[in-house]
Amino acid sequence: MRKSSFLFLMAFLLFVSAGLNGQVTVTGKVIDKETREALIGAAIVVQGTSQGTVTNLNGSFKLSVKPEQQTLLFAYLGYVDLTKSINPGNEETVDLGVIEMESSTVGLNEVLVLTSFARDKETPVALSTIEPATIDEKLGSLEFPQILKSTPSVYATRGSGGFGDSRIYLRGFDTNNIGVLINGVPVNDMENGRVYWSNWSGLSDVTKTMQVQRGLGASKLALSSVGGTINILTNSTDVAKGGSVYTGVGNDGYRKQTFSASTGLMENDWAVSLMGAHTYGDGYINGTNFDSWTYFMNVSKIINDQHRISFTAFGAPQWHNQRGTASLIQAYRDDADGIRRNLSYGIRDGEIYGGGYGYNEYHKPQLSLNHYWNINSSTILSTALYASISQGGGRRVDGENGDWLNIDYDTGSPTSMTLQTPDGLLDFEEAARRNAESETGSKAVVGMSVNQHQWYGLLSTLNKELGNINLTGGFDGRYYIGEHYKEITDLLGGKYFLDNLNQNRPEGTPLKEGDKYSYHNDGVVAWGGLFGQAEYIGTNYSAFLTAAISQKSYQRIDYFQYAPGNQKSDWVHFNPWSVKVGANYNVTEEHNFFVNGGYFTRAPYFSTIYLNYTNEVNDGAKYEQVLSFDAGYGFSLPNFRARINGYWTNWKDKGLVRSFAGETANIPGINAMHTGIESEIFWKPVPELYIKGMFSWGDWIWEDDVNFSLFDDNNQLLGEYYAYIGDVHVGNSAQMTSSLRVDYEAFPGLKVGTDVNYYGKNFAEFDPTNRTTEGVKEDSWQLPDFVTMDMNMKYDFHIGSLEATVYGNVNNLLNTEYIADARDGYDHNAGTALVYYGFGTTWSTGLRIKF
């Protein structure tokens, strides 16, 4: 049976099936063939049935079966499925002894070391693991971050609704403060810490497994993971030969095709895996059509028993039209298009054409060369050399009359100058006509706000086992240069464009398409870090101590505001450090407790260092300081498991940058307090039924009033303000969530599932310019609570000798109308808030054939 069969089985066989009347007891112990380590949670099932169990903390298992000849199937993530035939006869017990399972992926054990992958009841952190079967069954046409929406303390929405514009918060923190790792390599932007999911739109097609470590997490790197760490492992080279094709359709013209193939491990010890995908559609929101490609390649070579190398290339070039502004609730109600309302586009040359903030294109390939050296049976050196070179940006409309083709960000409505056709679309043809009549060049031009980078890194980890103690140490080196400028892409009928913000260009120089304007600067970041961890793993007790120290250095280069020879700023150096400690105690096989805590300092982000978007260094920039604690309890039975944990996180001198269309608020020195509880249950009352529940509650508040600076889109200072936000709740994320998932195998091969999600205690994102009245402190408008229901189905069958699966998904089945995102208005109520509604009912279906 192929590896994909294991993914199906794991979804159903996590726990011992109840209600069985077997008369023979089968026992044994499952271990890794190479490392001889016990495999905890390996699935054992009677082939052709749903009857099964999983291994315990020692890798041992006990299974009751009928006294007849039958075959047991052994399956575990990343391992080749194994079968054992038994014929108990009159025996009351059958001891299979030690069962050795072989890795299905070249170098998987080494990858798990490099990525700090956590294990339940062993690693003392709050974690949730999402297997590929869950992604296949539940994601459908949703975007990758939304597969986490049923995870405690996670709030994931589609944001403005464009392809790849999803956002995710964890424990009230956005991606600036969530460490995102792909195959152990950090991908948060080196300047601002963000993760733009449109750059990673193909992750759902190549993910092997995904783990969310809430809180400080188990990563050994010096990550700014205040809210948590999202650890994504992509496909590697499979030991088994095979592949698949997939085709899918969905609402609003959604189409998707994928192809994957693996040579398996060949006789020459080489192995190659390839994957490609194409996704396109019209978009649920008006004027948000998109086109996205995904490519993935992994080439691995087993040089000898000690050395393996692996090269991975992954990318997802895409373009998509966007919705640039939110709207008032009443504006949606008055619009014939309802929640699909979008004013940020028009028609140009017969095609949908996004206006300012209405279009994005990007390609961010990631290349990684990994070397795994098994120095001896107890020592592994894993080294990754990686590079990412990106291109792309977002559309802007600028010029003296740029508002011809812009929507007012503060009101969500057209400006007094906005040109619109009779049906309410942006009128590019009229703007082009007026530009053509101008004797002083284009009064409005379309440009691209480019934010591209070159990023190179080296990550090396040495792991040494000394009995029950694992010692890990390593080096994390990164060099990044980000280039930022605006480039004219369309003169809109004019002959040239005038822009005098470049002091190194003669005033009045006529600019053409392809010329840079408004600003042009580079951000350079150099990073060097050392990390170490000591970990004890015993039968019932485990603990770790991790420490890391880094040097993070910044330099800014400005080509417009400074003359040659004076364009580079001085280097600014910071030395952030961190320390984490945690312990887990398995009182019995049923009960375990864990606790962890940590303290770290973080260098301010790039925009906090350089004042007013110049090379002037902010000497008052402070280290951010975070102190955090987690404690939790777990209870496990063969067919039931429950986990509960609490957290307390205090953040001092936090630097916050809020970017809106046309405005950026730089807010340094905020103190915040995040506390809460999280719980999950997993229950398999009968072999065919799987139930999962989740509840989380948080209380997240800003603690102090702060000063801040406000800049426009051309990096010009608009003013200095004092924001009165002390004791105001953190906005933009639901602080109370719960979910219920029910999956049922109606008959062999057919599985149906229902997911119900609740979100509450969600306050609108605040605008600092609305918090400047002394003595007035009021929470942002609180969004109405809402509940959504999703359904999914999959059916496994055969086409001749080929395995095939049909998938079906309906999201928001009841077409619930709800507000997913909001920005607070002047009166802090529903009447003045600008909002994005969540999507109504959407659907997708697809067919995958394996070969």
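Predicted model: local features only at pLDDT ≥ 70, side-chain atom pairs only at ≥ 80, totals over all residues.
View 1. Arg340 lies over the face of Tyr284, 3.8 Å from the ring centre. A second case involves Lys516, whose charged end sits over the ring of Tyr485 at 4.5 Å from its centre.

**View 2. The ring pair of Phe173 and Trp651.** The whole structure holds 27 aromatic pairs. In one of them, the ring centres of Phe173 and Trp651 are 5.4 Å apart and the planes meet at 45°, so the pair is tilted. The two residues come from distant parts of the chain, 478 residues apart: Phe173 is in the loop between strand S10 (167-170) and strand S11 (178-182), and Trp651 is in strand S36 (residues 640-660). Both Phe173 and Trp651 are buried.

View 3. Tyr536 and Tyr541 form a tilted pair, because their planes stand at 45°, with ring centres 6.1 Å apart. Tyr536 is partly exposed at a relative accessible area of 33%, and Tyr541 is partly exposed at 39%. Elsewhere, ring pairs join Tyr554, Phe574, Phe606, Tyr610 and Tyr623 into a cluster.

**View 4. An open sheet of five strands.** The strand order is S8-S13-S14-S11-S12, with mixed pairing. Strand S8 (126-130) and strand S12 (185-186) are the edges, each pairing on one side only. Strands S13 (residues 207-214) and S14 (residues 228-234) run antiparallel and are joined by seven bridges. Met210 stands opposite Ile232 in S14.

View 5. Ser416 is in the loop between strand S27 (391-398) and helix H6 (428-437). Its relative accessibility is 80%, so Ser416 counts as exposed. The C-alpha atoms of Ser416 and Asp403 are separated by 8.2 Å, with the residues 13 apart along the chain.

Notes:
Residues numbered from 1 in each chain as written. Heavy atoms only, no water. Pairing = 2+ DSSP bridges. Helix = DSSP H or I, 4+ residues; strand = E, 2+ residues; numbered from the N terminus. Buried < 20%, exposed > 50% of the residue type's maximum accessible area, 1.4 Å probe, protein only. Phe/Tyr/Trp six-rings, centres within 6.5 Å; stacked < 30°, edge-to-face > 60°. Lys NZ or Arg CZ within 6 Å of the ring centre and 35° of its normal.
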